[in-house]
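The following note concerns the side-chain links in the model shown below.

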Amino acid sequence: QVQLVESGGGLVQAGGSLRLSCAASGTIFRIMGWYRQAPGKQRELVATIAPIGSTTYADSVKGRFTISRDNTKNTVYLLMNSLEPEDTAVYYCNGKFGSWESGYWGRGTQVTVSS
């Protein structure tokens, strides 16, 4: 059974940091990523990472967030620095085999940034 389990969310003050983790089981995804959905907004891409380490980031998080993966643990991480209240959202882990598909989703972890 394919599963993605996120952890590491929480409440943090503006300017603070959090690290999210997502452990995959049941398969090895070629592309893993993080998306987020704020109240009343559509889910949006935050960052993705391919097996060889190539990454993409949303413009709003460039220079503040870093995505990484540990292939030995089948886990992807999102280090979030200089957090802003606008980063408040439920963060979802995503895993896929190719860029053409929607892939599999975790249940999400809440990140709340207070001003």
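1. Arg36, Glu44, Arg64, Glu84 and Asp87 belong to one network of salt bridges, a salt bridge being a side-chain nitrogen of Lys or Arg within 4 Å of a carboxyl oxygen of Asp or Glu. Over the whole structure, the search returns five salt bridges.

2. The model is predicted: local features require pLDDT of at least 70 and side-chain atom pairs count only at pLDDT 80 or more, whereas totals for chains, interfaces and linings use all residues. Numbering runs from 1 along each chain as its sequence is written, and side-chain values use heavy atoms, with hydrogens and water left out.

3. Strands (E, at least two residues) are DSSP runs, numbered from the N terminus. Both arginine 64 and aspartate 87 are buried, where buried means under 20% relative accessible area, exposed over 50%, and partly exposed in between (1.4 Å probe, protein chains only).

4. Arginine 64 also forms a salt bridge with glutamate 84, at 3.9 Å from N to O. This pair likewise links distant parts of the chain, 20 residues apart: arginine 64 is in the loop between strand S6 (55-57) and strand S7 (65-70), and glutamate 84 is in the loop between strand S8 (75-80) and S9. The relative accessible area of arginine 64 is 12%, which places it in the buried class; glutamate 84, at 34%, is partly exposed.

5. Another of the salt bridges joins the side chains of lysine 62 and aspartate 59, with an N to O distance of 3.2 Å. Aspartate 59 has a relative accessibility of 65% and therefore counts as exposed.

6. How many disulfides does the structure hold? There is one, a disulfide being a pair of cysteine sulfur atoms within 2.5 Å. Cysteine 22 and cysteine 93 form this link, with an S to S distance of 2.0 Å. Cysteine 22 lies in strand S3 (residues 18-25) and cysteine 93 in strand S9 (residues 89-96), so that distant parts of the chain, 71 residues apart, are linked. The angle about the S-S bond is -85°, and the link is left-handed. Cysteine 22 is buried at 0% relative accessibility, and cysteine 93 is buried with a relative accessible area of 0%.

Terms used: Helix = DSSP H or I, 4+ residues; strand = E, 2+ residues; numbered from the N terminus.
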